[in-house]
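User: I am new to this structure and would like to know how its descriptions are reached. Please set each value against its definition.

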Protein chains: 2
Amino acid sequence: MTTTADDAFAALGTLLGERLNRSQSDRDLHGRSESHFNDMPPDAVVYPETTDEVAAIVRICAAAGLPLIGWGAGTSLEGHALAPRGGVTVDFNRMNRVLDIAPEDMVVTVQPGVTREQLNTELRSTGLFFPIDPGANASLGGMTSTRASGTTAVRYGTMRANVLALEVVLADGRVIRTGTRAPKSSTGYDLTALFVGAEGTLGLITEVTLKLHGQPEAVRAAVCAFDSMAGAVDAVIATIQSGIPMARIEFVDAAAAAAFNRAASTGWPNAPHLMVEFHGSTQGVEEQVRRFAEIASEFGAQDFRWAAKAEERTALWAMRHNAYRFTLQAFPGSDPVTTDICVPISRLAEAVEETAAEIAASGIPGPIVGHVGDGNFHALLLPRAGDAAEWATAQRLAGNMAERALRLGGTVSGEHGIGLGKTKYMRKEHGDGWDVMGAIKAALDPDGLMNPGKLLPGN
Amino acid sequence: MTTTADDAFAALGTLLGERLNRSQSDRDLHGRSESHFNDMPPDAVVYPETTDEVAAIVRICAAAGLPLIGWGAGTSLEGHALAPRGGVTVDFNRMNRVLDIAPEDMVVTVQPGVTREQLNTELRSTGLFFPIDPGANASLGGMTSTRASGTTAVRYGTMRANVLALEVVLADGRVIRTGTRAPKSSTGYDLTALFVGAEGTLGLITEVTLKLHGQPEAVRAAVCAFDSMAGAVDAVIATIQSGIPMARIEFVDAAAAAAFNRAASTGWPNAPHLMVEFHGSTQGVEEQVRRFAEIASEFGAQDFRWAAKAEERTALWAMRHNAYRFTLQAFPGSDPVTTDICVPISRLAEAVEETAAEIAASGIPGPIVGHVGDGNFHALLLPRAGDAAEWATAQRLAGNMAERALRLGGTVSGEHGIGLGKTKYMRKEHGDGWDVMGAIKAALDPDGLMNPGKLLPGN
């Protein structure tokens with residue numbers, strides 16, 4: 001460190017004027033997350049407008065040894081954007097421009113503060129769309145940094161497959177560009193893939209170039225109830241194995257369906273459901289629908305309800321996106337613990353059924369929903385607030401889910417990431433690979449200032 | 001270094017017996033490549049059979065400061081497997097087992113010496129296949145290490161998209177596993193993506209888990225001639241932009257078509273051609289064929305020849321795969337220089353036409369073929385052997401192609417990689433990003449023993 005924190009705040013003030021905010025209220029706002037973590041506010045919040053400003057901020061903070069934490073929409077679930085060691089939160093909400101839409105290459109370049117809904121609004125007239133949909137209206141910088149996915153990843157892939165190029169400010173203030181607009185490259189280490197999912201621990205992303213997809217000619221969506229959880233899950237496995245190019249295939253258990261009914265007057269049967277969507281040509285979608293309906297019926301599906309109109313589909317997926325909120329409303333006074341495991345599709349039935357049985361036996365509520373076409377699902381565990389025994393039970397259930405995922409050949413996070421919450425599982429999942437991540441971190445951020453406390457060993 | 005090279009060879013002999021080979025003939029065999037590089041033989045060749053043996057080899061060589069170079073099928077084109085600083089070449093041809101086929105998860109785990117043709121033969125009865133097809137019957141370890149792609153990447157992606165997990169022996173002999181069989185994960189840095197395309201400079205890959213794809217219900221392939229190069233290229237651009245899910249779409253210029261005619265008695269017109277293939281349901285393929293034919297006709301396609309039968313298709317693609325050999329036969333006595341640039345699809349016409357015009361003006365032959373659906377193409381430049389002026393011209397043309405790719409927003413290698421041959425373009429493509437690669441290399445291989453001289457700065 002060559003300067004003091006006070007020097008750094010003075011320099012940031014000179015650089016940014018009122019776009020440096022050290023008020024208690026703004027620090028508190030950036031010290032909270034959407035899940036169960038304690039508040040951990042930064043010492044200051046900055047609102048850059050350009051890459052050059054981000055680079056200057058990084059150099060100023062690095063000289064004073066101040067941690068730097070990126071902030072998009074604040075929707076992450078593992079405490080990624082909290083400031084356990086204080087420092088400066090870099091809020092990207094003023095870097096929210098769509099910089100360049102290139103329809104002929106089906107790519108777009110955005111600043112990191114652009115949200116996915118904003119992007120799709122701006123794309124509407126082009127015939128293209130950006131499909132990745134984690135539910136929350138997250139920022140694209142945040143989605144890149146957590147390697148987000150969501151309901152449509154089964155068809156379009158995750159952020160890993162859809163980020164083509166990045167601009168990144170490194171820990172020493174250098175600015176690099178990774179990748180190009182060409183569809184592929186074999187020129188050295190895949191730095192784009194390295195920064196996707198690095199959770200801001202290697203640098204701050206200042207531009208994202210994304211692949212776009214053609215708006216499908218035809219879209220149909222449906223929801224159907226099943227006799228049993230096993231029937232619904234087995235129908236998913238058979239559907240995926242049959243090669244039907246599902247655009248979405250979501251599982252909702254009976255408890256989650258009941259929460260939907262209560263919050264949104266859905267009128268669904270109190271039973272496990274699948275929510276599905278098909279994209280393609282008119283003819284292609286018809287064929288997909290027919291094949292899916294055959295498979296689902298074999299596994300006990302009934303009560304198909306089709307949402308053909310765009311508004312009906314929007315309402316259907318809005319409900320899925322509100323699953324977290326609706327479930328909390330159904331169980332007021334609880335202290336939610338989110339989970340997020342992902343297994344090979346062949347092990348999905350075991351994973352879901354063991355999890356459901358263990359939750360049922362535990363005595364605390366834990367509705368299950370999931371992007372099951374990817375083998376990914378979530379139980380929302382709901383211990384009563386302030387009940388230490390129930391909290392411990394929820395932690396045990398979450399830990400057992402992670403262990404189960406690993407035992408079945410899967411991963412402890414399909415899409416939420418590691419942040420503060422899941423470092424405890426990293427050694428078991430990655431072995432010495434976790435130390436390889438640590439070595440890369442030490443090489444690119446030797447002072448450990450980029451989002452400290454997250455993802456890595458020894459934090 | 002704690003031991004001498006002689007100590008290391010003695011230890012390798014004890015470990016491997018006759019699977020350590022120091023004969024001049026075997027060293028020479030592993031000191032040659034398929035392209036224009038001078039011979040650079042290693043000091044010894046080893047033939048491990050297990051991961052444990054690879055780890056032991058790495059520890060022995062590391063203690064003596066001996067370089068380690070991985071060797072698959074020897075088909076790389078940028079000198080990746082040559083030994084410019086001597087050392088030990090690790091030939092994986094005895095690690096050639098398909099370890100586990102999991103049809104229900106559509107994945108397979110192989111040892112690195114398995115070739116793509118061998119894999120597809122072993123998969124035949126499963127209804128699944130591994131689509132990546134670089135032409136040569138490369139090893140899957142080598143294809144992973146060079147981030148290979150080829151004719152089918154336009155539909156199925158490159159090795160980046162199709163490698164799900166790896167086992168890697170690091171420079172210090174530790175063995176790590178990256179990734180799982182789950183379709184996605186958000187647990188930390190994407191080490192799988194880091195080792196894919198690292199050209200053996202960060203470790204030796206000892207197992208590869210690959211995604212498989214369902215054998216399509218229907219396949220059709222065709223070749224058609226065009227009035228002009230511009231027509232053929234513009235037809236590709238329009239086809240890709242229309243969203244037709246082409247399985248292959250290959251450009252062959254008039255000079256390459258003439259070479260095919262001479263070598264394989266093809267009887268094609270002396271004109272630019274597209275070679276295409278469609279995969280899907282019977283109905284889906286018909287729709288694709290109809291839409292492609294419409295677009296192609298608009299741009300002057302004529303003389304469609306369909307290869308509906310499997311044997312006809314095999315013959316068609318064998319010819320494409322032999323383009324390199326056939327072209328050399330057509331121009332005996334030349335010293336070939338391969339090229340490999342990739343641009344955004346919107347700039348493909350400029351890239352191909354400028355390249356063709358410059359080659360035509362240069363006076364040396366340079367047929368062009370390419371995986372143009374990805375924006376990727378190759379000119380095979382053919383200066384006369386021993387003619388220094390023609391050699392210099394070929395080098396100038398190759399350099400101008402690389403510069404052109406960068407100017408048009410593309411990359412200096414779509415699929416061949418960097419190796420020894422293309423480090424000269426890395427600074428211009430990656431700027432400080434190349435130093436980031438160097439920092440990662442230094443962190444994971446501080447003594448610089450893993451495939452030295454390739455890919456990285458300061459080599």
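User: Among contacts in chain A between residues at least 6 apart in sequence, what percentage join residues at least 24 apart?

Analyst: That share is 70%. Two residues are in contact if their C-beta atoms, placed from the backbone, lie within 7 Å. This is a predicted model, in which local features need pLDDT of at least 70, side-chain atom pairs count only at pLDDT 80 or more, and totals for chains, interfaces and linings use all residues. Residues are numbered from 1 along each chain as its sequence is written, while chains are lettered from A and ligands numbered from 1 in the order in which they are written.

User: What makes the radius of gyration of chain A agree with a compact globule?

Analyst: The globule rule is 2.2 Å times the number of residues to the power 0.38, and the radius is taken over C-alpha atoms. For 459 residues a compact globule would have a value near 23 Å; chain A has 22 Å, so the two agree.

User: Why is A:Asn322 called partly exposed?

Analyst: A residue is buried with 20 or more other C-beta atoms within 10 Å of its own, exposed with 12 or fewer, and partly exposed in between; C-beta atoms are placed from the backbone. A:Asn322 has 17 within 10 Å, so A:Asn322 is partly exposed. In chain A, 58% of the 459 residues are buried.

User: How many residues of chain A are in contact with chain B?

Analyst: 67 residues of chain A are in contact with 67 residues of chain B.
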